[in-house]
2 protein chains.
Amino acid sequence: MTARDQREFFTVKTVSEALTGFRPERRTPVESVGLDDALGRVPAEPVSAPHALPGFARATVDGFAVRAADTYGASEGLPSYLDLAGEARMGRPPETEVRQGTAVAIATGAPLPPGADAVLKIEHTQAATPELLEVLRPVTPGEGMVRADEDAAPGDELVRPGRPLRAQDLGMLAAAGIVELAVHARPRVSIVSTGDELVSAAAPETLPVGQVRDSSAPALAALVREAGGEPSFAGIVPDNREALSEKLREALQGSKPTTLKGSDPLSRGDLDPSSAGCDVLVVSAGSSVGSRDETAAAIASLGEPGIWCHGLAFRPGKPTILADCGGVPVIGLPGNPRSALVVFRLIGMPIVRLVGGCTEPPPEPSVRARLARDLPSAAGRLDVVQVRLDGDEAEPLFGSSSLLSILTAADGYVVVPEAATGLAAGSDVEVMLYR
Amino acid sequence: MTARDQREFFTVKTVSEALTGFRPERRTPVESVGLDDALGRVPAEPVSAPHALPGFARATVDGFAVRAADTYGASEGLPSYLDLAGEARMGRPPETEVRQGTAVAIATGAPLPPGADAVLKIEHTQAATPELLEVLRPVTPGEGMVRADEDAAPGDELVRPGRPLRAQDLGMLAAAGIVELAVHARPRVSIVSTGDELVSAAAPETLPVGQVRDSSAPALAALVREAGGEPSFAGIVPDNREALSEKLREALQGSKPTTLKGSDPLSRGDLDPSSAGCDVLVVSAGSSVGSRDETAAAIASLGEPGIWCHGLAFRPGKPTILADCGGVPVIGLPGNPRSALVVFRLIGMPIVRLVGGCTEPPPEPSVRARLARDLPSAAGRLDVVQVRLDGDEAEPLFGSSSLLSILTAADGYVVVPEAATGLAAGSDVEVMLYR
């Protein structure tokens with residue numbers, strides 16, 4: 001079959017349609033992790049405070065625990081005087097009480113003695129005698145301290161499900177004595193590369209003309225990790241529908257199925273979605289039209305409901321396939337490495353996050369810049385244009401979508417939305433920055 | 001000793017002075033990692049292309065390899081005709097040549113046959129007979145293809161030292177057959193917590209009044225990981241100079257030194273910086289003035305050149321210590337958990353990155369917003385104010401710096417720079433977003 005015999009039939013969707021319409025229901029199971037391993041993990045359920053935090057009223061300044069009423073009217077010109085009645089010790093239950101007319105020395109963080117309702121800063125006092133404190137300014141009740149439940153009342157939500165845990169969330173959990181919590185397992189993302197021209201990145205140094213190393217798989221694996229997933233390589237298969245179908249079924253099932261000689265590897269029905277070998281299947285397709293058709297046919301053979309879209313109104317990334325094969329989302333990427341990475345960043349990473357239970361993705365860095373040149377674009381199609389930043393100017397990087405160097409030279413990218421018919425030089429644009 | 005006996009003597013610096021002036025020379029050693037583990041790692045040296053990439057001229061469209069000159073003048077009304085001379089196969093050296101007046105069928109990604117200098121898109125052709133191709137549009141040399149060295153010429157820099165590796169960088173390295181490279185080891189960051197009131201987050205459920213769990217250490221460990229470091233907990237020590245000195249020396253030396261009974265744990269000189277047990281030492285100090293003084297004295301005892309600054313013109317975070325103890329940067333953090341995290345994010349993370357060889361930190365997410373309320377600030381002092389975002393409005397969150405809930409409720413923070421004396425409600429501010 002030559003290229004000219006091939007014709008594609010696309011069920012084309014816009015990127016917005018794909019992002020809102022293709023929402024797999026699959027979620028990874030719940031597992032328990034310790035705080036040490038919890039950064040960025042996605043809580044599977046809300047976690048509430050088991051008791052009040054900090055748990056007792058504490059001083060927030062160094063000074064003296066007092067009854068605020070005892071300080072009213074005090075000034076440098078007309079100080080009040082309080083009897084010194086000991087010291088509140090750090091880390092221990094208070095041993096003394098603050099009675100009317102007395103003060104107890106206290107350091108930041110120590111528990112407030114009974115009877116006290118404020119802490120006077122040391123700077124606003126003077127020692128009159130070793131037993132007598134001169135008060136130079138008044139305090140109001142609650143000043144210089146936090147209440148026993150000021151950080152959290154019992155039952156307050158400490159972390160919410162769906163949002164990846166940040167450093168401060170781990171601090172709050174630790175403060176509450178919660179050192180293990182239920183999170184979604186990392187989505188297992190299986191990556192299959194196809195293409196008669198592909199060899200492994202680790203192949204011997206000199207390649208015959210025509211062969212290229214698989215650059216997409218390692219880069220896609222990195223994006224999977226950024227999205228909180230656990231990538232695995234299923235390997236490279238040639239552009240052959242039967243070989244590809246078998247490889248995809250293997251990846252979905254988690255192990256090579258034992259097939260009797262002569263059985264049809266395209267037959268459906270023997271796939272058990274609940275014990276699937278991966279949570280998301282990514283096919284880095286061959287680059288030619290023929291190879292893409294084989295990929296579509298192989299994906300269609302994997303299970304119901306099957307292909308959701310074949311083609312995105314997207315440059316670079318038109319030949320993208322989204323499918324649901326027996327409950328596992330399958331993403332067929334364009335063959336050009338740059339297109340594959342751009343599509344996976346825009347479409348694939350949100351799917352990996354969602355399957356991993358993440359409903360509030362972390363914010364991505366971006367910066368406003370002035371476009372250095374006109375960007376033409378067709379209406380109804382979303383364009384992702386790589387740019388290099390030079391001060392506050394964004395210089396578009398043009399070239400074949402087979403070139404990875406355009407991505408490595410880029411600091412970020414500009415999205416020309418579907419409604420726009422291009423952007424004029426000098427436009428104020430938002431550049432999404434690579435981390 | 002009561003709190004009122006304590007007075008602090010600060011060598012106060014501004015945050016800008018700290019960021020530009022405290023630049024440790026220490027760098028972690030170089031190690032080799034495979035591509036699978038290289039995401040976010042910091043290359044220790046430049047990596048160049050060992051040969052041209054893609055290595056051979058390739059078609060970037062499906063169509064026909066031709067001599068461009070043979071198509072000049074062709075149009076739908078007046079087509080040119082070329083003899084079909086076979087097919088360029090994907091992944092194999094070309095078997096046919098393109099001679100004058102001939103065309104060779106070719107798929108995207110296949111190697112260009114000798115003699116061809118362009119690829120005609122299939123859409124711009126028609127089959128006249130099985131052996132004859134009708135050309136409906138002309139092509140120019142170089143069209144529909146990439147050159148053998150268009151992605152990289154031999155010797156081109158593929159990744160540069162000091163910038164953490166991104167997904168596309170891994171793709172480029174894979175394309176070049178580089179599956180292992182030299183990166184800086186992750187900085188080992190030892191975290192020591194001090195405070196008579198502190199117990200481990202994992203302590204039994206009910207604590208006596210006065211005790212609190214160590215929330216800073218797990219949160220700081222998470223920030224260390226975000227900065228590319230490898231955290232380790234050295235443990236909790238009471239507010240006691242001798243105990244603290246010994247713990248800090250242990251952390252610096254990597255193992256508990258065998259000291260003869262009666263030896264002075266504050267003695268200097270037996271520390272070997274080249275075999276230090278950590279690359280950065282973080283002390284999460286006790287919260288009271290007395291405890292902070294003990295911390296400063298213990299840090300000062302660790303080695304030359306010693307304390308660089310004691311105090312930052314920074315809210316919250318004034319009682320910060322920066323020191324260089326025998327070649328290991330030491331960061332003494334404020335005792336309040338919120339202050340500790342804010343200071344470590346602003347001052348500590350850049351130090352961890354630098355020690356790990358990272359000279360081009362990844363961009364941080366931020367967003368422009370309208371300030372919902374006035375933010376007072378003293379000139380000469382940098383203020384970090386936590387904010388919650390409500391649409392495009394930034395609502396400042398006020399409260400004691402001992403409260404972690406202000407950090408967990410925040411979406412990000414606003415920096416009121418040293419030169420400003422506050423920001424008025426309605427100001428356009430940049431909110432640095434938590435990920």
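1. In which strand of chain A does Pro305(A) lie? Pro305(A) belongs to strand S19, residues 305-310 of chain A (helices are DSSP runs of H or I with at least four residues, strands are runs of E with at least two, and both are numbered from the N terminus). The bond between Glu304(A) and Pro305(A) is a cis peptide, with omega of about -10 degrees.

2. The basis of this note is as follows. The model is predicted, so that local features need pLDDT of at least 70 and side-chain atom pairs count only at pLDDT 80 or more, whereas totals for chains, interfaces and linings use all residues. Residues are numbered from 1 along each chain as its sequence is written, chains are lettered from A and ligands numbered from 1 in the order in which they are written, and side-chain values use heavy atoms, with hydrogens and water left out.

3. A cis peptide bond also joins Arg315(A) and Pro316(A), with omega of about 0 degrees. Pro316(A) is placed in the loop between strand S20 (312-315) and strand S21 (321-325) of chain A.

4. The relation between the chains comes next. Chain A superposes on chain B by a rotation of 180 degrees with 0.0 Å of shift along the axis, and the RMSD is 0.1 Å (least squares on the C-alpha atoms of residues with pLDDT of at least 70 in both copies). This is the relation of a two-fold axis. The residue of chain A that comes closest to the rotation axis is Pro365(A), with its C-alpha at 1.7 Å. The same surface serves both copies, since 99% of the contact residues of chain A recur in chain B.

5. As to the extent of the interface, 89 residues of chain A are in contact with 88 residues of chain B (contact means heavy atoms within 4.5 Å). The two chains bury about 7,300 Å² between them, and 62% of this is on carbon and sulfur atoms (buried area is the accessible area, with a 1.4 Å probe, that two parts lose on being put together, summed over both).

6. Two salt bridges are counted between chain A and chain B (a side-chain nitrogen of Lys or Arg within 4 Å of a carboxyl oxygen of Asp or Glu). In a salt bridge, the side chains of Arg58(A) and Glu197(B) meet at 3.7 Å, N to O.

7. Several elements of chain A each supply at least two residues of the side that touches chain B, among them strand S6 (80-88), helix H2 (167-175), helix H3 (216-226) and helix H6 (337-355). H2(A) gives the most to this side, with eight residues. By class, the side of chain A that touches chain B has 46 nonpolar, 20 polar and 23 charged residues (Ala, Val, Leu, Ile, Met, Phe, Trp, Tyr, Cys and Pro count as nonpolar, Asp, Glu, Lys and Arg as charged, and the others, Gly among them, as polar).

8. Just after H2(A), Gly177(A) takes a positive phi of about 80 degrees.

9. Gln168(A) is found in helix H2 of chain A and counts as buried at 3% relative accessibility. Setting aside residues up to four places away in sequence, Gln168(A) touches Leu341(B), Arg345(B), Leu407(B), Thr408(B) and Tyr434(B).

10. In chain B, Ser339(B) has its place in helix H6, residues 337-355, and is buried at 4% relative accessibility. Residues up to four places away in sequence not counted, Ser339(B) touches Pro316(B), Gly317(B), Pro334(B) and Ser401(B).

11. Ala313(B), in strand S20, is buried at 16% relative accessibility; beyond its neighbours within four places in sequence, its contacts include Val12(B), Thr14(B) and Arg381(B). Ser80(B), in strand S6, is buried at 15% relative accessibility; beyond its neighbours within four places in sequence, its contacts include Asp70(B), Tyr72(B) and Leu133(B).

Key:
Buried means under 20% relative accessible area, exposed over 50%, partly exposed in between (1.4 Å probe, protein chains only).
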